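Visitor: I have a structure to go through before the afternoon. Could you take me through it step by step?

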Amino acid sequence: MGIASGTVFLISSLIYSRSSEGTPHGFAARNILICIMLALTLFSQLGIIPRMDTLRASMGSLDSVAADDPARLQFDALHLWSTRVEGGVLLLGLLVAYLTARSLT
């Protein structure tokens with residue numbers, strides 16, 4: 001859902017720039033940040049989460065796996081990276097919202 005929404009927002013931003021200023025401004029800060037957000041989301045969805053799902057399926061319930069189990073340690077490390085990546089996407093999204101609001105005033 002995030003990838004589709006980000007793509008729609010990027011296209012809308014380019015169309016708005018084109019209609020209001022005569023040029024799409026593809027390298028405007030907000031558009032670059034949206035592309036970074038999309039790349040991070042793709043990395044998370046296609047790189048981190050499938051590996052987490054595989055580990056989760058092999059372990060069963062996470063609560064029943066010892067905290068020092070190698071699979072659990074790997075899962076926890078992937079979860080930490082997933083949280084960091086998605087946190088970065090959130091912060092970039094707030095910055096994009098600010099830049100967009102500022103450009104409309």
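**Surface, fold and one arginine**

Guide: The model is a predicted one. The protein chain exposes about 6,900 Å², and 69% of that area is supplied by carbon and sulfur atoms.

Visitor: What share of the residues counts as buried?

Guide: Of the 105 residues in the protein chain, 28% count as buried.

Visitor: And how many helices and strands are there?

Guide: The protein chain has three helices and zero strands. Read from the N terminus, the order of elements is α-α-α. The radius of gyration is 18 Å, well over the 13 Å that the globule rule gives for 105 residues, so the protein chain is more spread out than a compact globule.

Visitor: What does the C-alpha trace span along its principal axes?

Guide: The span is about 60 × 20 × 15 Å.

Visitor: Which share of the contacts links residues 24 or more positions apart?

Guide: Among contacts with a separation of 6 or more, residues 24 or more positions apart account for 59%.

Visitor: Switching to charge: how many positive and negative side chains are there?

Guide: There are 7 positive and 7 negative side chains in the protein chain, and the centres of the two sets lie 14 Å apart.

Visitor: One residue, then. Where is Arg 72?

Guide: Arg 72 lies in helix 3, which covers residues 70-104.

Visitor: What does the side chain of Arg 72 reach?

Guide: That side chain reaches the backbone oxygen of Leu 62 at 2.6 Å. Leaving aside residues up to four places away in sequence, Arg 72 touches Met 59, Leu 62, Val 65, Ala 66 and Ala 67.

Notes
Residues are numbered from 1 along each chain as its sequence is written. This is a predicted model: local features need pLDDT of at least 70, side-chain atom pairs count only at pLDDT 80 or more; totals for chains, interfaces and linings use all residues. Side-chain values use heavy atoms; hydrogens and water are left out. Helices (H or I, at least four residues) and strands (E, at least two) are DSSP runs, numbered from the N terminus. A polar contact is a pair of N or O atoms within 3.5 Å; within protein, one must be able to donate a hydrogen and the other to accept it, and residues adjacent in sequence count only if both atoms are side-chain atoms. Contact means heavy atoms within 4.5 Å. The radius of gyration is taken over C-alpha atoms; the globule rule is 2.2 Å times the number of residues to the power 0.38. Buried means under 20% relative accessible area, exposed over 50%, partly exposed in between (1.4 Å probe, protein chains only). Accessible areas come from the Shrake-Rupley method with a 1.4 Å probe; for residues, only the protein chains shown count as cover. Lys and Arg count as positive and Asp and Glu as negative; His and the chain ends are not counted. The place of a charge is taken as NZ of Lys, CZ of Arg, CG of Asp or CD of Glu.
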